[in-house]
Amino acid sequence: MSMPTLRRFLTQQSGERQLNPNLIFLVEDIAAACRVVGNHIRNAAFEGTLGLAGGSNIQGEEQKTLDVVADREFARICANSPRLAALVSEEVDEITWLKEPEAGDYLLYYDPLDGSSNIDVNLSVGSIFSVCEVENDGDRDVLKQGSRQICAGYAIYGPATMLVLTMGDGVNGFSCEHGTGDFRLTHPGLDIPATTSEFAINASRYHHWDAPVRRYVDECLAGGSGPRGRAFNMRWTASMVADVHRILMRGGVFLYPSDAANRGLGGKLRLLYEANPMALIVEQAGGLASTGERRLLDLMPESHHQRVPVILGSRDEVARLEGYHRT
Ligand SMILES: O=P(O)(O)OC[C@H]1O[C@](O)(COP(=O)(O)O)[C@@H](O)[C@@H]1O
Ligand SMILES: [Mg+2]
Ligand SMILES: [Mg+2]
């Protein structure tokens with residue numbers, strides 16, 4: 001079975017799908033950053049980087065030392081990319097401008113370490129990223145609709161490190177080969193089944209949920225004798241990357257909805273570097289991604305750390321949830 005490297009995959013796209021060499025450089029830098037972050041995570045006990053960093057980010061969340069390390073590595077490695085104009089990171093309050101933006105330059109949005117509450121218990125975590133293009137010379141607007149993303153992906157640091165990538169033409173999974181460090185195409189053409197019997201939600205928030213979400217989960221939990229007429233399974237890892245990865249591998253639906261406790265903040269997950277990249281990946285793999293009321297990729301961002309409700313995964317379940325929100 002042929003397993004081309006990420007470089008070979010990116011450079012072999014032909015015809016209309018041919019990629020700009022500067023975008024290839026950037027994706028390779030992102031992959032290098034993910035490889036380095038994965039190594040730091042694996043060596044954290046030796047490097048003394050487990051535990052809290054002692055500060056908090058703009059979201060008021062306590063930073064883990066590895067949140068800070070991962071952010072620094074992304075910035076250090078990707079800043080080499082020739083046409084990268086700006087970085088928007090979960091861990092940095094302001095936008096980092098690397099150059100005067102020109103039309104065709106790139107904007108990189110990233111969550112350097114996702115699911116960081118799992119770090120100290122040695123469970124799967126990841127990094128999420130998204131790339132948009134500067135439209136006009138001098139344009140410093142980073143608030144782009146998700147549908148304008150030209151590339152999105154994530155790395156999962158699990159039993160194997162994997163990079164899952166879309167360049168707007170399907171979704172492909174690359175595994176990091178231990179020893180060479182090469183990312184090789186091991187999971188081409190990922191496709192989310194339209195139907196599923198598995199959902200993922202933090203059920204400890206049940207008492208905060210709105211009626212449509214309660215209805216959906218209650219119906220799933222009712223099993224074979226309930227309105228859905230079949231048994232559902234439930235999984236929640238508290239790492240969006242791990243939960244979305246499972247959905248790409250075997251289907252499912254993921255919910256971090258708006259609820260009575262997070263509505264004032266807009267939701268929990270961040271639009272530009274969590275929801276949008278995952279929404280593009282899920283749609284490109286044949287699934288749907290919604291706030292419950294609207295397609296995520298159509299939202300017009302209002303601020304670069306904006307939070308949103310997220311419901312994504314297998315088409316039939318997301319469509320059903322949207323239906324419950326309409327009634
Ligand atoms: O702790 P909760 O409420 O279950 O939230 C878990 C969610 O928060 C997140 O950890 C947020 O990501 P960060 O670790 O980047 O802040 C998601 O990965 C995950 O889905
Ligand atoms: Mg995150
Ligand atoms: Mg994070």
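Which residues point one way from S8, and which the other way? Select S8 and show side chains: Thr161, Leu163 and Leu165 go one way, while Met162, Val164 and Thr166 go the other way, and all are buried. "Buried" is a count: 20 or more other C-beta atoms within 10 Å of a residue's own, with 12 or fewer called exposed, anything in between partly exposed, and C-beta atoms placed from the backbone. Strand and helix labels are DSSP runs numbered from the N terminus, with helices being H or I of at least four residues and strands E of at least two.

Before moving on, some housekeeping. This is a predicted model, where local features need pLDDT of at least 70 and side-chain atom pairs count only at pLDDT 80 or more, while totals for chains, interfaces and linings use all residues. Residues are numbered from 1 along each chain as its sequence is written, and chains are lettered from A and ligands numbered from 1 in the order in which they are written.

**Stop 1: the neighbours of S8**

A hairpin of three residues links S7 to S8. Tyr157 sits opposite Thr161 of S8, and Gly153 has Leu165 as its bridge partner.

**Stop 2: the whole sheet**

Zoom out to the eight strands, which form an open, mixed sheet in the order S4-S3-S5-S6-S7-S8-S9-S10. Strand S4 (96-97) and strand S10 (183-187) stand at the edges with a single partner strand each, so one side of each has no neighbour in the sheet.

**Stop 3: two domains**

Colour residues 6-187 and 198-326 separately: these are domain 1 and domain 2, with bounds from an automatic or database domain assignment. Their C-alpha centres lie 23 Å apart. How many residues of domain 1 are in contact with domain 2? It's 34, in contact with 29 residues of domain 2, where contact means that C-beta atoms, placed from the backbone, lie within 7 Å. On the domain 1 side, S5, strand S6 (125-133), S7 and S8 each supply at least two residues. The largest share, five residues, comes from S6. By class, that side has 16 nonpolar, 15 polar and three charged residues. Here Ala, Val, Leu, Ile, Met, Phe, Trp, Tyr, Cys and Pro count as nonpolar, Asp, Glu, Lys and Arg as charged, and the others, Gly among them, as polar.

**Stop 4: ligand 1**

You'll get Glu61, Glu90, Asp111, Asp114, Gly115, Ser116, Ser117, Asn202, Ala238, Ser239, Met240 and Tyr256.

Which residues does UniProt list for "binding site"? The unreviewed entry names Asp114, Gly115, Ser116, Ser117, Asn202 and Lys268; positions follow the numbering used here, feature names are shortened, and annotations may be inferred rather than shown by experiment.

Click Asp114, in strand S5 (residues 106-114). It is buried, with 29 other C-beta atoms within 10 Å. Leaving out residues up to four places away in sequence, Asp114 touches Val125, Gly126, Ser127, Ile128, Ser239, Met240, Val241 and Glu274. Asn202 is in the loop between strand S11 (198-200) and helix H5 (211-221), and is partly exposed with a count of 14.

**Last stop: two positive phi values**

Pick Ala238, in the loop between strand S12 (233-234) and helix H6 (240-250). Its phi is near 65 degrees, positive in a residue other than glycine, and Ala238 is partly exposed. Then jump to Asn122, in the loop between S5 and S6. Asn122 isn't a glycine either, yet has a positive phi of about 60 degrees; this residue is exposed, with 12 other C-beta atoms within 10 Å.

Methods
Two residues are in contact if their C-beta atoms, placed from the backbone, lie within 7 Å. A residue is near a molecule or strand if its C-beta atom, placed from the backbone, lies within 6 Å of it. Two strands pair if DSSP finds at least two bridges between them.
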